[in-house]
Amino acid sequence: MGCSTLYHLAAMGVSDAILLERNKLTSGTTWHSAAQVRALRSSQNLTRMIQYSVDLYSRLEQETGQAVGWIQKGSLSIATNPGRLDHILRQEALAKAYGVRAEAISAGEAKERWPLMNADDVIGAVWSPDDGRVSPSDVCAALVKAAKTRGTRIFEDTGVTGILTEGGRVRGVETARGTIRCDAIALCTGLWSREAGAMAGAEVPLLACEHFYLLTKPIAGINGNLPSLSDHDSHLYIRDDSGGLLVGCFEPMGKPIAPGVLGSDFQFGLLPEDWDHFEPMMEGALHRLPGLAEAEVKMLLNGPESFTPDGMFMLGETAETRGLFLGCGMNSVGLASGGGAGMNLAHCIVHGRSAYDLSEADAQRFAPVFNSVEHLMARAPEILGTHYEITYPGRQLKSARGLRKLALHDAYEAAGAAFGQFYGWERPLYFNKTSVGDEGAPHLRFGRPDWFEQVGREVEAAHQRAAIFDASCFGKIEVQGPEALTFLQWVCAANMDKPAGSAIYTALLTEQGTYASDITAQRIADDHYRLFVGTAAIKRDLAWLRRHGEGYDVRLTDSTEDYAVLGLMGPQAAQILRDCGAPELCELGYFKVGPAHIAGKHVRAVRLSYVGEAGFELTCKWENAAPIYAALIAAGAEPAGLYAQTSMRIEKGFAAMGHELDSDISPVETGLAGLASKTKDYLGAAALAERRKTSHRSLVSLVFDDPKACPLGHEPVRSAGRILGTTSSASFGYRLGKPLALAHLKRPNGDTPWPSQVEVEVTGQRFTARVQTAPAFDPQGLRMKGALS
């Protein structure tokens with residue numbers, strides 16, 4: 001990552017960039033990497049990033065004359081159970097949507113490509129011919145050689161002992177050989193990045209774990225190079241190595257390495273072999289490769305790798321310190337990612353943003369609680385094991401749970417809530433969990449889930465009566481001061497000059513006119529707004545606002561844990577408020593805010609809805625949530641969880657950050673450009689004006705014809721044999737009685753309309769769906785234009 005970032009900084013014209021290496025280049029993790037390069041990732045842009053790496057590695061050899069050891073023999077993923085087969089078939093479909101060659105093949109064809117494999121229990125496979133591997137040390141040598149020709153300098157044996165900051169900004173680094181003044185630092189410090197970030201007051205939650213692979217001496221039957229073999233049901237990856245075998249694993253639960261164990265003198269070292277730990281994986285390897293039983297073992301290599309709390313690397317500027325950028329926590333995909341990730345990190349440093357949206361890798365995405373050593377020691381070993389698990393919908397991590405609890409957590413637990421973790425918060429997914437699966441333990445699958453009927457009951461409650469959706473974990477930011485309006489008029493696309501007692505939905509745009517975030521604001525007073533941001537966006541959005549607020553006389557305060565928010569939604573919501581002694585709220589107009597008291601406690605209510613039913617969001621002091629909730633329940637409201645809310649959101653066609661909205665998408669493509677002002681100047685206005693001229697809406701609703709279809713999101717959408725896009729959110733629409741999805745689709749021929757019907761490939765099957773820009777279901781034609789993600 002360091003060498004790639006240096007190379008790309010130089011390529012972007014930064015001639016005074018230097019690289020500091022505490023020991024020698026490739027020490028730490030790089031030198032012992034298995035260095036597999038597999039293109040397909042969970043999103044189009046992550047896949048695009050790997051594809052860039054492949055292209056870069058081939059170009060480097062031409063550019064520098066330095067071989068990089070690129071061996072392109074493809075990869076083979078096998079399945080030994082129906083769940084795994086569904087998983088790899090979904091991957092095959094996604095690969096084609098992302099421009100990656102992939103083909104589903106039979107067990108017999110898989111055996112032909114890997115003759116040494118025992119295929120007796122294999123029921124299917126996917127072949128990816130363009131995947132390969134590189135030589136880690138040679139890639140670094142080529143990057144360095146090219147970077148040096150552009151004037152950059154490299155200092156080995158130069159450890160950083162301190163990072164100088166002033167006013168929350170980077171000013172320099174202290175090393176054993178002297179002090180260097182600088183205005184930007186990229187931390188590509190791998191296993192030691194958490195400690196390095198702490199030097200500058202930044203949180204970098206990652207932890208090292210032991211990672212094992214077996215090396216054998218040459219064995220009969222291996223002549224030349226073979227494809228990489230992925231037997232993920234046995235937690236294994238397998239390839240040839242110098243005429244022998246390399247058999248690596250991502251076991252279900254890894255072994256964490258406590259901070260401080262790997263000291264500054266750990267360069268090209270390895271950790272002790274642990275055959276007891278490796279034994280279950282060895283049994284799987286002997287089953288898959290019978291010839292392994294006769295092979296002579298060279299060693300069981302045990303080298304450290306760094307893992308983050310969600311299994312994704314960190315890239316970009318930190319929230320805490322300006323000019324401090326992260327390129328670390330690679331989760332064992334550093335060689336595959338390094339070329340494209342280094343390019344994007346350099347782009348962040350030079351241009352203030354990545355080359356394309358990589359929000360899933362945003363350096364600011366983690367709650368501070370995840371930087372705790374205790375939580376990292378619990379979470380990182382599980383993350384190592386998730387590398388090869390089947391990506392069933394609804395799967396939840398088991399470690400480091402209960403870190404943050406909502407004000408009503410105990411009440412939800414008593415109501416049988418099944419919880420999911422979001423930004424550290426335990427959030428109800430659905431209720432009455434003992435009715436789901438085997439006494440509350442659902443069987444995960446790609447088909448209709450065990451919680452299907454229960455979620456339907458919660459949607460029915462919101463549609464026929466009234467339901468309570470807890471939005472307390474959404475971030476809340478107080479904007480106060482004499483220039484609060486002036487500041488928000490600049491950073492918000494909508495007109496924020498509305499009277500006190502108004503709510504405003506607005507986009508926050510980048511300079512390119514694309515989404516930095518979307519928020520709902522309540523104007524409390526002339527000099528006071530309260531912003532409601534996405535649950536996982538609070539750290540990022542607060543940092544973004546503070547950076548754009550420099551020079552304005554405003555105070556920005558995180559009030560997330562000061563206030564609880566309960567959404568009361570459904571046709572009986574108004575009557576329940578009357579019965580609770582707050583009839584004045586029923587007189588509120590849409591997007592209007594007013595005070596009242598429920599159970600003797602003050603609430604501030606806004607009339608809006610994120611689920612398409614008439615309703616109110618009630619904000620109260622955190623400690624007052626319990627009596628207010630009890631009063632609403634006593635008056636007839638019922639609790640509902642996130643799965644019901646998501647289904648209703650998709651029915652209503654509401655877009656969400658991280659799904660339909662990101663920094664590559666503008667309000668024009670989402671059909672929300674009408675909410676952006678045309679009469680004031682604001683950040684991104686000029687770019688959005690150009691986008692209005694050149695771009696078109698791409699966001700549509702898809703209504704499936706077959707009620708048995710189970711779309712999940714990230715499925716290719718076709719018309720006349722051509723892929724138009726992929727689904728972004730999907731669910732069953734209970735009020736409509738049909739499966740639904742949202743998707744960004746290209747128009748087949750420029751300005752021409754979309755086809756009225758498309759095909760969506762869902763887990764190996766193609767289903768027809770109707771295309772429409774109107775909401776799939778709109779119970780009352782409510783004048784809702786958008787809400788929080």
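Here is a short tour of strands, salt bridges and backbone angles.

Student: What kind of model is this, and how are residues numbered?

Tutor: This is a predicted model, in which local features need pLDDT of at least 70, side-chain atom pairs count only at pLDDT 80 or more, and totals for chains, interfaces and linings use all residues. Residues are numbered from 1 along each chain as its sequence is written, and side-chain values use heavy atoms, with hydrogens and water left out.

Student: How do I read strand pairing?

Tutor: Strands of a sheet pair through backbone hydrogen bonds, either parallel or antiparallel. Strands (E, at least two residues) and helices (H or I, at least four) are DSSP runs, numbered from the N terminus. Two strands pair if DSSP finds at least two bridges between them.

Student: Which strands form the closed barrel?

Tutor: The 6 strands run in the order β34-β37-β36-β35-β38-β39, and the pairing is antiparallel. From one strand to the next, the twist averages 40 degrees. Angles run from 0 to 180 degrees between N-to-C directions, with axes as lines fitted to C-alpha atoms.

Student: How many bridges join β38 and β39?

Tutor: There are 6 bridges, in the antiparallel sense. Val758 stands opposite Ala769 in β39. Strand β39 (residues 765-772) is also joined to β34 by 4 bridges, again antiparallel. There, Leu702 has Val771 of β39 as its bridge partner. On another pairing, β35 (residues 716-719) meets β38 (residues 757-762) over 2 antiparallel bridges. Val717 is the bridge partner of Val760 in β38.

Student: Now salt bridges. What counts as one?

Tutor: A side-chain nitrogen of Lys or Arg must lie within 4 Å of a carboxyl oxygen of Asp or Glu. By this rule the count comes to 39.

Student: Which residue forms a salt bridge with Glu761?

Tutor: Arg718 does, with the closest N and O atoms 2.7 Å apart. Glu761 is in strand β38 and Arg718 in strand β35, so the pair links distant parts of the chain, 43 residues apart.

Student: Are these two residues buried or exposed?

Tutor: Buried means under 20% relative accessible area, exposed over 50%, and partly exposed in between (1.4 Å probe, protein chains only). Glu761 is buried at 10%. Arg718 is buried at 8%.

Student: Where do Arg90 and Glu715 lie?

Tutor: First, the contact: Arg90 and Glu715 form a salt bridge, with the closest N and O atoms 3.2 Å apart. Arg90 lies in helix α3 (residues 82-97) and Glu715 in the loop between β34 (699-704) and β35, so the pair ties together parts that are 625 residues apart in sequence. Arg90 is buried at 16% relative accessible area. Glu715 is buried at 1%.

Student: What is the N to O distance for Arg445 and Asp450?

Tutor: In that salt bridge it is 2.7 Å. Arg445 is partly exposed at 29%, and Asp450 is partly exposed at 22%.

Student: How do I read phi?

Tutor: Most residues other than glycine have a negative phi. Ser242 has a positive phi, near 55 degrees. Ser242 sits in the loop between β14 (236-241) and β15 (244-249) and is exposed at 59%.

Student: Where is Ala599?

Tutor: Ala599 is in the loop between β30 (593-598) and β31 (601-606). Its phi is positive, near 55 degrees, and Ala599 is partly exposed at 41%.

Student: What phi does Thr763 take?

Tutor: A positive one, near 50 degrees, in the hairpin of β38 and β39, which has 2 residues between the strands.
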